[in-house]
Amino acid sequence: MLLRRLRSGCLAHDWLTPYPWRPSQVMPVPVRGAHRTLWRLTHRNGRSFSFRTRFYTAPASPRQSLHKHAEDSPGGVTPVRTARPHGGKDYSHDHDDADERQDEEQRDGRSRHLPKHTQNDLQVLCTSAQLICAEPDCGGTQRDCGAVRRKTAAQSLNRTIRRRTPDGCRTDGGKERAVDSRSAIERLAEELGSLYAAAGKPPLSAVARRAVTATSSQRLNTSSISEWLNGKSVPARQQELTLLVQALESWNDSSETLSTRSYRAGKSAHFERLRRAAQSEKREKHSSANSTLSRIPLSAALENPYALEVHKPIVVAGAPAGLPAYIPRTHDATLQSAVLSQKTQLIVLVGGSSTGKTRAAYEALKKLPSGWNFYHPLAPSKAEALISYLEGGGNLGKTVIWLNELQDYLTPTGLGERAAASLRVALSGSSETLFIGTMWPIYWRKIMAPSPSIEDHYGQARALLSGVAHRVDITPDFPASTLEEQARLDGRIRIAADLSGGRITQYLAAGPALLEFFKDSRDISPNAWAVLSAAMDWSAMSGSSTVAPEFLRSAAPGYLTDEEWGAAGEAWFADATDLLGQQLKGATSPLARLRSRKEHAGEYTYKLADYLIQHAQQERKKSPAPESYWRAVGKLDDGPDLSYYIIWAAEDRGKDALAAKLWEPRAECGDPVAIASLLRNPSVDPKMARQLLRQAMDDLDFSNPEEVGFMITQLQEVAHHEEWVGELAEEISKNISSLNTGPSFECAVILDVLEDFDFSHAVSEFSAQLAEEWVDSDSDDSSNTLFLIETLAHANSKQARDSSIVIARKFSASKERSIGDLAFLAAAMRQADSRFSQDILRRIEARASEVDVRDLLKLSPLTENLKSAELTRLAFDLLQKAAVAVEDLVVDSSYAPLEIIQSFQEAGLLDAAERLSARFSLEYDPGISGAAGHTVAKFMEVACPEHYLAYCRRMAVSGPILPLGDSERLVESLREIEGLADIYLRRVEDFLAAERI
């Protein structure tokens, strides 16, 4: 079906539009709303080119659960019914005899245990106690009897709560009862879990949203709620616990009675006692862990490099024992200089998998003088151990804090931000403390990437890395003379130098051996190859390093031929995983089995080797996966394993029905990304998608700019839904007085849509509030503030333009800005504040020598903004420098080189335009672009026919297949050249056949 539509050229345009909030995606010409404003933000020149979009993330929403609704009726308790919001089977749950006996004991005060059903059943229980007097044999009036019953029920409940003491003993009349063997953390988690179950196990995102409505000063996130319910962490403040309890109880009958008021008063104190006991218990555990892993002399820590996570080397007969001799590289001088300064600092070594980061840090520490101590935060988790040590007053004087794999400390949900904040505080002290860590570039970029989402998960970590961290990049090349000398002495280095192709450290750490095993395993053990292939595809598409055994067992068979699958025995999966768990060259295993140390923690998981993760993300992200893989994806619950990335991967492959199934639970929770995706999905009933959108808009908190801005940006990306954006703008204008200020990006989006739909009074009111309350909260991502300034400066409202002047001046004075930011600021403020704009231009001219003309991603918007700010001469000078250095220009993006080519042509630098066109047609990898069709169309505008033809041939032979939605534009571009469209379509056919769509 898809191929017929591609060949006929009639594929729906709205479905083909590249999805906007995705990595490495580009959008077509500027359009109304967010595209237009983001276009101005990113390229800042107003020209009709596509641009790299920002990646929007949102908190993952758990699967929509069935809500329980208790109804009271005279004469007793009605069954609790559960109904699916959009149809489906209803289920009824009646109390059994045992439950009724327990309910009776609780009413009469005879039960010595906390109520089994907590608030939900207790609310029904207390209400039913009021109605017993309606029985025919009741001698009193309903009102009088009900009051007695309510008082009795309340007293019983309070007695039950008071009987449980913080130490777990239940007392009655001064006599000690049974001792609860559970820890305080377990008791707190169990009772919160009972509340959660009584509420019908609603989605955690819905719980967080309901908790927010209770107060505007405190926000709960889904990850924290999940950890509290599972006993992984404890609420740090009483207010957090109170919010959670109130949110869960709000699913029950909201009527306020004497019994419920009395119950809540006692219950609040009870939960606070549990929370404090749990916190005390956790501190004791951390203290115990820290005493076990307390500081040791640095010299003792350096005796065992493998304990510090230095990779074990390959095993070669006749080679020396232990680590190979260390061969210094260029980065070692920088690293050792920083270490020997002995000042308080955070040093981060950045490099790919197995490039020698940990070994370099280990060797640098050997240079420190005696007297230094060492601490490696590990238990109960890396982030928790670091937080406990830093916040618990751990000794920092003359101490090395070892933070290998720094992302494990900075990115865990709910803990990473706290760890980053603690590090920032520690680094501001005066003690001699050396924090030294390692990190892959992909994780550095992940943390440093701007996050205009509802929840910024890495704000503290981003400030840490950008503000105080000393980054040391690992250089790959070894000195030739030293390498030759060591190769003669150590057979491991000799083999690595001969066979690694320059990847010596990776070879020594068995990286190439892992790839070799993967390639050879098809012949050695097809079952192991299939399991490893499924794990690598999962890592590439989901971004996760761990995978559940159920998924692998379900996905792997599709990678085998019918004969291979027929020959697989009953124990095929166990045999395959046993083989994959064996170490290669004595260093690492392709697929390691991980098991939780907690009791009753469930089944184990598997972790893919780091080097294979890196290879999978580079080589397999756009490879076809068999049908069994996608069936296994379809079985996933909406939990932590089901990320946005895996659903987007299904969309990219044209699997609309599967994507709709995975999006629907999130859409039912009000997730704007899911709703917008369903509105675009051709397999979804538009009526149902619009109902979900209506429900989400009705539940929107119009005082929260992050939620409102996020909803706007998602709706603006859906074709033919302008009426919804207009309705949303009208609601915003009605509630403008209650709208709070927030992140610059969301505020700019709101202002832009209000301007588009002519709500000038709302624009003026919100602009005045922004000017008064704006602070430099986006210091690590100035583009958000520039977006806001530009939106205000181009508004029709005078108040908005005045506000742009106030914010622009604050922004300019707060810190030294880059030349690119200054150029955009000068262009944006040219009409609103010409004197200020001229001052900015003089600052730019004074710093013109700082511009690196080789970086086309920065050069292109810079020159266009300089022209807009009437600094054409400087723009031309920069283009002339770039023309001289054409051979050194970095051609690593799709649109920036094309824009520079056009700028060369406009400036009369035709020879430079010709040479850059030739380079682009031969050097740029067509597989990188997420919008190949748009790139081809733009290149046709600026390149000569010879270069254009060469590029189109490469695109037909090796251009990207995914996302399939971009295929129509590419096919239409290639149709103009005989035979190229057919070549590309045959590749699409092969891809679809491999996935067995």
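Which residue forms a salt bridge with Asp833, and how far apart are the closest N and O atoms? The partner is Arg809, and the closest N and O atoms are 2.9 Å apart. A salt bridge here is a side-chain nitrogen of Lys or Arg within 4 Å of a carboxyl oxygen of Asp or Glu. The pair links distant parts of the chain, 24 residues apart. Asp833 sits in the loop between α40 (819-828) and α41 (834-846), while Arg809 belongs to helix α39 (residues 798-814). Helices are DSSP runs of H or I with at least four residues, and they are numbered from the N terminus.

Some ground rules apply. This is a predicted model, in which local features need pLDDT of at least 70 and side-chain atom pairs count only at pLDDT 80 or more, while totals for chains, interfaces and linings use all residues. Residues are numbered from 1 along each chain as its sequence is written, and side-chain values use heavy atoms, with hydrogens and water left out.

Now look at exposure. Buried means under 20% relative accessible area, exposed means over 50%, and partly exposed lies in between (1.4 Å probe, protein chains only). Asp833 counts as buried because its relative accessibility is 11%. Arg809, at 40%, counts as partly exposed.

A search of the whole structure finds 34 salt bridges. One of them joins Lys734 and Glu731, whose closest N and O atoms are 3.8 Å apart. Both residues lie in helix α35 (residues 722-734). They are 3 residues apart, about one turn of the helix. Lys734 has 55% relative accessibility, so it counts as exposed. Glu731 is partly exposed, at 28%.

Asp610 and Lys607 form another side-chain salt bridge, at 3.0 Å from N to O. Asp610 is partly exposed, with 23% relative accessibility. Lys607 is also partly exposed, at 28%. Elsewhere, salt bridges link Glu309, Lys382 and Asp408 in a network.

Turn next to helix α20 (residues 480-489). Its buried residues are Leu483, Gln486 and Ala487. Seen down the axis of α20, these buried residues fall within an arc of 110°, so they line one face of the helix. The arc is that of the directions from the helix axis to the C-beta atoms.

Key:
Helix = DSSP H or I, 4+ residues; strand = E, 2+ residues; numbered from the N terminus.
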